[in-house]
Amino acid sequence: MLLAMDVGNTNITMGLLDGEKVLATFRMTTGQSRTSDEFGSSIVLMLERKGYDIKQIEDVIISSVVPNVMYSLTSGIIKYLDLEPMVVGIGTKTGIQIKRTDPKELGPDRIVDAVGAYAKCKSACIVLDFGTATTCDLIGPEGSFEAGVTMPGIELSARALTEGTARLPDFFIKKPESILATDTISSMQAGVFYGAIGQIEHIITKMKDECEFDDVKVIATGGLGRLISENTNMIDIYDSELTLQGMRIIYEKNRNV
């Protein structure tokens, strides 16, 4: 079995895979102050509580956008799982050509998503990842990373709204009954929800107009991606496993290197 770990700014999402099949997923807060023992013991405990024997895990692959946790995290995995994790980074074979001014600036999370999206669509596509930041990346018909847009994540925008004002309360992000809001909470929900949809739809339209690729599929993943995908006809596919599958593909390209 393969343990794939996506280290984001807010959460670490883990998936246990047997071939292409995702057996289980786990989440923990990124916790930049955790020690190697805290990381290692937490991972083991989550796996064992789901009924999995850690001795059955053959390898670990990590994609991380949080450098400060990597020493403790990798040390914890080595100490508790007795495995040296593969870390997606410079020199990792991905099969994706990066067409950017400086390819080194591109986060491994976006590369992993590009790999997963192209493998699923097998054509030009736009991949949306609704995380702490929302990213919108264009993948060419031959699997090249062409361009990307980065914007504040939906939850980050909602938090800025409440933390930056004196009287607006915290609220749960969901689709309100109507955009014609008649109370404070529903007006905030309407603004964040429909604002996110409008923003995404406009960016998708502009990217399709300017890229000149034919038949561009749009695929989404990440936290609130399902909610947004269900409320716009501009997203063709929602895949909660996209990042994990991208890591699996990268692992398979590099395991014998």
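**Group meeting: helix α7 and the chain around it**

Okay, let's start with helix α7, residues 242-254. That's 13 residues, and from first C-alpha to last the helix reaches 19 Å, close to the 18 Å you'd expect at 1.5 Å a residue. Before I go on, keep in mind that this is a predicted model.

So, is α7 mostly covered or mostly open? Mostly covered: 11 of its 13 residues are buried. I'll read you the buried ones. There's the run Leu242, Thr243, Leu244, Gln245, Gly246, Met247, Arg248, Ile249, Ile250 and Tyr251, and then Asn254. Notice that Arg248 is in that buried list, with buried meaning under 20% relative accessible area.

Now let's zoom out to the whole protein chain. Its secondary structure comes to seven helices and 10 strands. The radius of gyration is 19 Å, close to the 18 Å from the globule rule for 257 residues, so the chain is as compact as a globular protein of that length.

What about packing? Of the 257 residues, 48% are buried. Then take the contacts with a separation of 6 or more: 56% of them join residues 24 or more positions apart.

The chain exposes about 13300 Å², and 47% of that comes from carbon and sulfur atoms.

Methods:
Residues are numbered from 1 along each chain as its sequence is written. This is a predicted model: local features need pLDDT of at least 70, side-chain atom pairs count only at pLDDT 80 or more; totals for chains, interfaces and linings use all residues. Side-chain values use heavy atoms; hydrogens and water are left out. Helices (H or I, at least four residues) and strands (E, at least two) are DSSP runs, numbered from the N terminus. The radius of gyration is taken over C-alpha atoms; the globule rule is 2.2 Å times the number of residues to the power 0.38. Buried means under 20% relative accessible area, exposed over 50%, partly exposed in between (1.4 Å probe, protein chains only). Contact means heavy atoms within 4.5 Å. Accessible areas come from the Shrake-Rupley method with a 1.4 Å probe; for residues, only the protein chains shown count as cover. The expected span of a helix is 1.5 Å times one less than its number of residues.
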